[in-house]
Each structure stands twice: as structure tokens, then as C-alpha cells.
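Student: I am new to this structure, and I would like to learn how to read its features one at a time. Could we look at it together?

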Amino acid sequence: MWKQILDSLRETLNLLRDTQKNTDDIEEVRQEIEEVRTEVRQLASVVERLAQEIRHIAHVEKHEREKASLQLENTLLRFEMRLPPPSNPNQ
């Protein structure tokens with residue numbers, strides 16, 4: 001009978017130890033999950049800033065292309081103004 005009581009007590013202590021270890025492990029995993037969440041939020045913030053920067057660069061590049069196109073058009077118009085008037089084909 002004492003052996004059964006001791007076995008039951010030993011099993012109870014083992015279960016208590018295992019339960020405490022599981023509780024500790026769960027808390028550790030929760031902390032790791034929170035750290036990962038924090039890192040994901042930081043990464044999302046960096047990605048959003050990069051996306052904004054890319055949109056800004058695209059906007060600036062568009063304006064630069066328009067500016068270059070207008071400068072080329074102006075150059076061509078100035079060159080055309082220097083050309084002699086076209087000869088009249090009817091004459």
C-alpha cells in the first residue's frame with residue numbers, strides 16, 4: 001500500500017514538474033512570438049517607407065522626363081526659327 005502511495009506521489013510530482021516546465025515553455029514561446037510581431041511591424045514600416053520613396057522617385061523621374069522633352073522641343077523650335085523660310089513650290 002505504501003508503495004502505491006509513493007508511486008502516486010512520485011507521479012504527481014512528475015506531473016507538477018512537467019506542468020511547470022510546460023508553463024515556462026509557453027511563456028518563452030509567447031515572448032518569442034511578441035518579439036517576432038515587433039520585428040514584423042518594424043519590417044512593415046521599412047517596406048512602407050521604401051514604397052513611399054519609390055513612388056517619390058517615380059514622380060521625380062516623370063517630371064525630369066517631361067522637362068527633358070520640353071527642352072528638346074524648345075531646342076527644335078529655336079533651330080526651326082533659324083532656318084530660312086520654305087521656298088514656294090508654285091514659283
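Student: How many salt bridges does the count come to?

Tutor: A salt bridge here is a side-chain nitrogen of Lys or Arg within 4 Å of a carboxyl oxygen of Asp or Glu, and by this rule there are seven salt bridges. Please keep in mind that this is a predicted model, in which local features need pLDDT of at least 70 and side-chain atom pairs count only at pLDDT 80 or more, while totals for chains, interfaces and linings use all residues. Residues are numbered from 1 along each chain as its sequence is written, and side-chain values use heavy atoms, with hydrogens and water left out.

Student: Which residue forms a salt bridge with lysine 3?

Tutor: The partner of lysine 3 is aspartate 7, with the closest N and O atoms 3.2 Å apart. Because the two are four residues apart in helix α1, about one helical turn separates lysine 3 from aspartate 7; helices (H or I, at least four residues) and strands (E, at least two) are DSSP runs, numbered from the N terminus. Aspartate 7 also meets arginine 10 in a salt bridge, at 3.1 Å from N to O, and shared partners join Lys3, Asp7 and Arg10 into one network.

Student: Is lysine 3 buried or exposed?

Tutor: Buried means under 20% relative accessible area, exposed over 50%, and partly exposed in between (1.4 Å probe, protein chains only). Lysine 3 has 58% relative accessibility and so counts as exposed, whereas aspartate 7, at 33%, counts as partly exposed, and arginine 10, at 49%, is partly exposed. For the whole protein, buried residues make up 0% of the 91 residues.

Student: Which residues form the negative surface patch?

Tutor: A patch is made of residues with over 30% relative accessible area and no salt bridge, with like charges joined within 9 Å and nonpolar side chains (Val, Leu, Ile, Met, Phe, Trp, Tyr) within 5 Å. The negative patch is formed by Asp24, Glu27, Glu28, Glu32, Glu35 and Glu39; of these, glutamate 27 lies in helix α1 (residues 2-82) and is partly exposed at 37% relative accessibility.

Key. Areas by Shrake-Rupley, 256 points an atom, 1.4 Å probe, with all protein chains shown as cover. Lys, Arg positive; Asp, Glu negative; His and termini not counted. Charge placed at Lys NZ, Arg CZ, Asp CG, Glu CD.
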